[in-house]
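Please consult the sequence and structure below while reading.

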Amino acid sequence: MENLTMLLGGFSVVLTMQNILVTLLGAVLGLIVGAMPGIGSLAGVALLLPLTYKFNPTTAIIMLGSLYYANMYGGAFSAILLNIPGDSPAVMTALDGYPMATKRNRPGQALFTSNMSSFIGGLIGMFILTFTGPALANLGLKFGPAEMTALLLVAMTSIGWLVGENPIKGVLLTLVGILIASMGMDTLTGSPRFDFGNMYLLGGIPFTPFVIGTVGFSQVLKLMGERNKKVEANLSQKLTIRGSMLTLHDIKRLLPPAIRSGFLGTFVGVLPGAGATTGSFMGYAMQKAFKSEEELGSGAIEGIAACEAANNAAAAGSFAPLLALGIPGSGTGAVLLGGLMMWGLNPGPLLFTNQPEFCWGLIASLFLANLLTLVIALGIIPFLIKILTVPIKILIPCITVICIVGSYSTSNSMYGVLVMFFSGLFGYILDKNGYSTAPMLLAFVLAPLLESNMRKSFISSHGSLDIFFRKPISAFLILVLFAIILTPVIKFVIRKVRSSTKSV
Amino acid sequence: MKKFAIVLAFAVLLAFPVFAAAQAEVAGPASFVPTKNIEWYVTSSPGGGSDIFTRNLMDIMVSDKLVNDQNIVIQYKTDGAGEVGRLLVSNIKAGSQADHTLLTFNSGDLMPMAKNTNNRFENFQPIAHLAVDKHLIFVGEGSAYKNFEEVIAALKAGKNITLAGSKGDDIACHAALIKELGVSEDQFAYIAHDASSGAITAILGNHYDLLICKPAAASQYVEAGKIKPILALSTSRFPGNLSSAPTLKELGYKNVEVPNWRSVVGPKSMSAEAVAYWSDVFKQVSTTDAWTKGYIEKQKLVPEFMDHNVFKAYGTQFQAEYLASIGKDK
Amino acid sequence: MEKRKITSKVLIPVCSALIAVVFITMGYFKYGFWHSAKGPLPGFFPVIIGTILLLVSVLSFISSFKEEGTSYPWENWYPALGAVAVMLATLVIGMLPSLAIFVVVWLKWYEKYSWKTTLIVFAIIMGIVLGAFVFWLGVPFPKGFIYEMIAY
């Protein structure tokens with residue numbers, strides 16, 4: 001209960017006119033930054049950091065915290081309406097969000113689903129953060145390289161659920177994704193790898209332009225063939241907030257995946273090196289293991305709910321190691337940490353003890369930001385879905401411009417545009433031939449984490465495998481891994497045996 | 001098409017006199033003051049050590065009106081692990097732009113650059129060397145070792161030790177340390193992380209034996225009793241809460257240090273007047289309270305100002321020694 | 001089914017097999033596979049993944065002949081050509097003017113919209129780019145070599 005009192009204390013810090021206004025501003029800016037491809041929370045927070053020097057630290061972090069947090073909402077907008085993920089966690093949202101908006105003609109409901117799930121996921125994450133805070137961060141510490149390797153292996157099996165109807169094609173692209181991700185600097189030895197002597201490849205293939213290309217730009221090429229269809233006639237729902245409401249049945253479908261993902265996402269957010277993107281990927285993959293009313297990938301509410309709830313929960317969860325230990329869980333966290341130092345605070349294990357007002361104020365502001373962002377996000381749905389009434393003919397050059405501008409902005413260089421362009425071409429050709437790119441993107445995110453953790457484990461165990469079995473958490477996870485791999489095999493064998501006994 | 005060609009031709013024609021004028025302007029007057037936006041390149045991500053260093057300098061330069069009321073625009077160029085941004089700055093041609101371009105440059109940037117590319121320190125114009133960061137070795141709460149003597153004893157007994165740290169200068173420190181201790185890399189293994197925070201996380205979770213990092217990153221954890229300094233990789237002990245760690249000399253070895261210096265450079269083509277101007281600006285910044293108290297003391301750095309001439313000699317020698325140490329000298 | 005044509009369906013596994021071979025050879029010979037004390041070296045992971053990719057590519061190659069090829073209408077490549085034109089023009093006149101010209105040319109001359117529609121769309125999209133990316137976020141877009149020549 002002590003934590004609850006502290007949280008109430010936090011609210012008394014936050015609920016001043018100035019702080020509420022600042023939260024509101026952060027929420028609006030976060031939504032915009034999130035919705036724009038290429039500019040993620042990292043750039044948004046980094047660019048706003050200098051503006052906040054004039055504020056007192058609590059106000060400043062409240063603004064940045066709510067910006068970071070609202071960003072997770074905004075990424076879904078462009079993913080659902082244009083099939084271009086506004087930020088990397090929204091890649092998975094596009095899988096079901098875009099079909100739900102266009103094929104099922106329920107854009108309002110798709111946005112509503114995404115906003116509600118974000119809210120629920122975030123709320124779960126924040127409650128866990130409030131009640132377990134430092135303990136949660138300590139749980140994250142238990143995950144060293146061996147534990148992370150085992151966990152990531154388990155996570156990688158979820159790619160199996162994503163590969164779709166043609167497993168060979170799915171696996172092929174997954175492997176290509178892993179190889180592409182291995183290009184660039186090898187952190188463990190500090191030496192370049194597969195850079196082919198090219199200065200740009202030294203830093204590897206940047207993820208954001210890669211996603212904008214494979215998902216967004218390839219979409220533009222695909223749309224060219226369909227651009228003469230009349231869109232207006234298709235849009236049956238009314239462009240109002242009422243017309244976008246979810247039915248009771250929809251809400252029933254939304255809740256279980258959102259709640260599950262809320263817990264999973266919080267946990268992923270706390271882990272070292274994993275962020276909101278990993279969270280949303282894993283939330284979506286987990287949903288594959290549960291029943292969805294409509295098939296995932298065809299515009300299912302469950303799909304949107306699972307990943308949106310997970311990424312917001314991860315964003316909330318990542319504040320636990322940041323506040324309790326001064327460890328940033330993501331690039332954005334690192335910038336926030338840099339900000340704390342600039343404002344004269346010392347982030348670290350003593351922050352909670354030395355600056356309780358600041359910490360609890362920040363946590364309280366997350367609750368406030370979550371609520372305000374939800375209200376704003378729901379309120380702008382009617383305006384947002386008007387985008388779908390714009391003829392495709394007009395959207396094509398506009399999306400092309402946004403793809404170019406967005407991919408340029410990720411690293412302020414034409415290299416990003418080139419990566420976007422070529423991955424767009426490949427994405428289009430692959431799509432034409434029935435390859436789904438989602439497992440490739442998942443592998444691109446997870447494989448480097450897996451590789452570096454695995455190699456770190458081997459270095460510390462001197463090349464021996466026993467490190468994975470010596471530690472209880474990793475031993476348990478390895479058992480889970482075997483169970484996941486063996487279950488289908490055993491099922492298959494049982495079925496074979498049964499059918500053979502029947503036929504005999 | 002034809003029209004476009006004509007417009008293009010005109011533009012080129014128009015550009016020439018301006019171009020020439022810009023050249024003349026640089027060569028003519030003896031003193032230089034900034035007359036337009038200053039572009040300041042940073043080749044690591046926002047929020048990191050280089051970014052904080054740059055922003056502190058920038059804030060003081062703007063608030064103390066040292067830049068003729070011009071704006072400073074920070075450009076993050078992180079492509080190719082920063083090499084692209086460094087190459088870009090080193091290639092800027094002489095002219096007004098060259099005089100308005102700065103680059104934050106650390107030994108942590110120099111080492112991978114010299115190791116992995118053909119770009120060299122000589123391709124830049126050194127401006128000012130401002131501060132030095134040195135390293136310490138720490139143990140976590142649950143570590144099997146209490147001090148560095150125990151570590152040395154364990155190594156002599158043939159035990160394997162793992163050391164976690166960041167990239168660049170941390171790796172160079174480890175290499176120098178094992179050379180001095182006379183142990184192999186296999187026995188005293190180094191595990192590189194993307195940033196010091198990753199290594200600290202691993203040590204707090206007790207996943208490795210030792211941690212190497214710079215004082216600023218570790219200080220808070222030392223204060224909280226989460227980690228303990230056991231060795232100073234410097235020629236003297238550190239001040240404050242880090243003073244309990246002895247130097248290697250006290251343990252009967254030669255001191256080992258690989259300083260991570262923080263500096264500012266410009267394009268090679270920067271005019272002599274501009275170099276003198278900037279070098280002087282940074283000298284002024286380095287004497288302000290905002291710098292010594294607000295940055296150096298807080299980040300636990302060693303202040304060490306060198307003007308462009310001294311820094312040029314120092315940096316060139318540093319690079320030569322580094323290249324020799326990795327066997328890349330011709 | 002009448003004859004086995006070389007389609008993109010067949011080419012994709014061929015390409016992925018080539019990628020696999022490059023990563024395996026470079027990984028094994030250049031970056032190293034396994035070290036007795038350090039365990040996996042930089043080449044370890046890529047070599048393993050590359051080997052599996054090679055096998056999967058072969059499987060995919062065999063099954064690709066059973067599938068029908070797809071066609072690529074010329075029209076679908078136009079946005080790509082547009083993007084190439086923008087990238088090239090960026091080198092000369094800078095990115096923002098190139099994008100502006102691209103939007104107007106596309107809507108007015110390719111899609112044959114009225115000037116009114118063209119200009120409204122133009123204003124909105126440039127408003128987003130200028131307002132958000134340029135003024136607020138301060139992204140330094142490339143200005144092309146004509147500008148550079150004047151500025152330097």
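## A buried threonine in chain A

Thr149(A) counts as buried because its relative accessibility is 2%, where buried means under 20% relative accessible area, exposed over 50%, and partly exposed in between (1.4 Å probe, protein chains only). The residue belongs to helix α7 (residues 145-157) of chain A; helices (H or I, at least four residues) and strands (E, at least two) are DSSP runs, numbered from the N terminus. Apart from neighbours within four places in sequence, Thr149(A) is in contact with Leu450(A), Asn453(A), Met454(A), Ser457(A) and Phe468(A). Contact here means heavy atoms within 4.5 Å.

The model is predicted: local features need pLDDT of at least 70, side-chain atom pairs count only at pLDDT 80 or more, and totals for chains, interfaces and linings use all residues, while side-chain values use heavy atoms, with hydrogens and water left out. Residues are numbered from 1 along each chain as its sequence is written, and chains are lettered from A and ligands numbered from 1 in the order in which they are written.

## Salt bridges

Side chains of opposite charge can pair when their charged atoms come close. A salt bridge is a side-chain nitrogen of Lys or Arg within 4 Å of a carboxyl oxygen of Asp or Glu. Over all chains, the structure holds 18 salt bridges. One of them joins the side chains of Asp250(A) and Arg106(A) at 2.5 Å, N to O. Asp250(A) lies in helix α11 (residues 248-270) of chain A and Arg106(A) in the loop between α5 (91-102) and α6 (107-141) of chain A, so this pair ties together parts that are 144 residues apart in sequence. Asp250(A) is buried, with a relative accessible area of 3%, whereas Arg106(A) is partly exposed, at 22%.

Another salt bridge is formed by Arg193(A) and Glu451(A), whose closest N and O atoms are 2.8 Å apart. This pair links distant parts of the chain, with Arg193(A) in strand β2 (residues 191-193) of chain A and Glu451(A) in helix α21 (residues 438-460) of chain A, 258 residues apart. Both Arg193(A) and Glu451(A) are buried. In chain B, the salt bridge between Lys65(B) and Asp69(B) has its closest N and O atoms 3.7 Å apart, and both Lys65(B) and Asp69(B) are exposed. A network of salt bridges links Arg104(A), Arg253(A), Glu293(A), Glu294(A) and Glu302(A).

## The two domains of chain B

Chain B is divided into domain 1 (2-132 + 260-325) and domain 2 (135-251), with bounds that come from an automatic or database domain assignment. The centres of the two domains, taken over C-alpha atoms, are separated by 33 Å. Domain 1 of chain B brings 5 residues to the contact and domain 2 of chain B brings 10 residues. Between them the domains bury about 590 Å², 68% of it on carbon and sulfur atoms; buried area is the accessible area (1.4 Å probe) that two parts lose on being put together, summed over both. Met111(B), Asn260(B) and Lys300(B) supply 70% of the area that domain 1 of chain B buries against domain 2 of chain B.

Lys134(B) is located in the loop between β4 (124-133) and β5 (135-140) of chain B. Lys134(B) counts as buried because its relative accessibility is 15%. The side chain of Lys134(B) makes a polar contact with the side chain of Glu257(B) (3.0 Å). A polar contact is a pair of N or O atoms within 3.5 Å; within protein, one must be able to donate a hydrogen and the other to accept it, and residues adjacent in sequence count only if both atoms are side-chain atoms.

## Interfaces with chain A

About 5800 Å² is buried between chain C and chain A, with carbon and sulfur atoms giving 80%. Across this interface there are 0 salt bridges and 6 residue pairs in polar contact (both at pLDDT 80 or more).

At the interface of chain B and chain A, 41 residues of chain B are in contact with 45 residues of chain A. The area buried between chain B and chain A is about 3600 Å², of which carbon and sulfur atoms give 63%. The count here is 0 salt bridges and 5 residue pairs in polar contact (both at pLDDT 80 or more).
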